[in-house]
Amino acid sequence: MLFRSTQTGNIKFSGSVIVNGNVLSGFMVMSTANIGVAASVEAALVSADGSVKINEGVKGAGKGTVRAKKNIEASFAEQAYLLAVGDITIRNSALRCVIKTNGKLRLLGDKGNLVGGTIRSKGGIEAHNIGSESEIKTEISFGQDYLVKDAIEVEEKEIDKLKAMILQIDRNMREAEQSRSSQLAKLRQDKVKILKLLEHRSIRVIQLKEKFDAYIPAELVVRNTLYPGVTIETHNRVLEIRQKKQKVVISFDPQSGKIIEKPLTKG
């Protein structure tokens, strides 16, 4: 099924959606398939189980979010959240965005500049310039599975909740012992159950961290200039750019455990 709209109101549709105009601030467009936007997306939510293609760009104002379980394409992005399981392709610049992709981030052409913001890209990044002459803070992580990292954070939050529950049960048990309450046996049973859950989640975190630390071939390709103010992280190794670098490829070497640089060569 295909839904076409020239309106900018809220849309939640089981099928593909085409918006012939803009998606204005405060509205949302959600689809179980693909979404196409003929113009731009403002401080709105655009979410697709498939791909999202925006002919113009995303003017997010720090709130606009575009997310896709496949790919995202746009002309430009400013102060936006871009989240994709697949690739993200931007035909011009991305300015002060939060970008997370388990595919690859590509900024095309001579205007394909990545300036400011926080970027997490499993498959690496290709851009014309990264950073700027004014040394705007730009944080980049690449070469790891950031969906796994999200899962680790969820598990760790649940572990913190379980630990807090155990502390509360311990306090209740002490009070029950002093008052010789009949609830003591039940409290002990509850504690055993929570301890088992805690053990299960702790093992899960270890497994996820092993998966997250696995080596994934990926590169940071800069076709023109990499500016000071850019921080690059992968596998808990950090490279701070302190002077301009021209036409460079940055990657992680699993043998040495270091971030390495090499010149970009044609072909």
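A residue is called buried when its relative accessible area is under 20%, exposed when that value is over 50%, and partly exposed in between. Please bear in mind that what you see is a predicted model. With that cut-off, 43% of the 267 residues in the chain are buried.

Let me turn to the overall form. Two helices and 23 strands make up the secondary structure of the chain. The C-alpha trace spans about 75 × 55 × 30 Å along its principal axes. The radius of gyration is 23 Å, whereas a compact globule of 267 residues would have a value near 18 Å. If we take the contacts between residues at least 6 apart in sequence, 25% of them join residues at least 24 apart.

Which residues touch the most other members of the largest nonpolar core? They are Leu-114 and Ile-130, in a core of 48 residues. Ile-130 is in contact with Leu-114 itself, and its other partners beyond four places in sequence include Ile-125, Ile-140, Leu-220, Val-222, Leu-226 and Val-230. Thr-138, Thr-225 and Tyr-227 are also among the residues that Ile-130 contacts. There is a second, separate core of 11 residues, and Ile-166, Ile-169, Ala-176 and Leu-187 are among its members.

Arg-96, which is not a glycine, has a positive phi, near 50 degrees. Arg-96 sits within strand S14, residues 94-101. Its relative accessibility is 46%, so Arg-96 counts as partly exposed. Asn-236 likewise has a positive phi without being glycine, in this case near 65 degrees. The position of Asn-236 is the loop that runs between strand S20 (230-234) and strand S21 (237-240). Is Asn-236 buried or exposed? Asn-236 is exposed, because its relative accessible area is 66%.

Strand S21 also holds Arg-237. Arg-237 has a relative accessible area of 37% and is therefore partly exposed. Beyond four places in sequence, the contacts of Arg-237 are Ile-232, Phe-252, Gly-257 and Ile-259. Arg-237 and Ile-119 are 118 residues apart along the chain, and their C-alpha atoms are separated by 16 Å.

Two lysines complete the survey. Lys-12 belongs to strand S2, residues 11-13, and is exposed because its relative accessible area is 69%. Lys-12 and Met-30 are 18 residues apart in sequence, with a C-alpha to C-alpha distance of 4.7 Å.

Lys-104 is located in the loop between S14 and strand S15 (105-107). Its relative accessible area is 22%, so Lys-104 is partly exposed. What does Lys-104 touch, leaving out residues up to four places away in sequence? The partners are Gly-86, Asp-87, Ile-88, Ser-121, Gly-123, Gly-124 and Glu-126. Pro-254, 150 residues from Lys-104 in sequence, lies 20 Å from it, C-alpha to C-alpha.

Note on methods
Residues numbered from 1 in each chain as written. Predicted model: local features only at pLDDT ≥ 70, side-chain atom pairs only at ≥ 80, totals over all residues. Heavy atoms only, no water. Helix = DSSP H or I, 4+ residues; strand = E, 2+ residues; numbered from the N terminus. Rg over C-alpha atoms; globule rule 2.2 N^0.38 Å. Buried < 20%, exposed > 50% of the residue type's maximum accessible area, 1.4 Å probe, protein only. Contact = heavy atoms within 4.5 Å. Core = buried A, V, L, I, M, F, W, Y, C linked by side-chain atoms within 4.5 Å.
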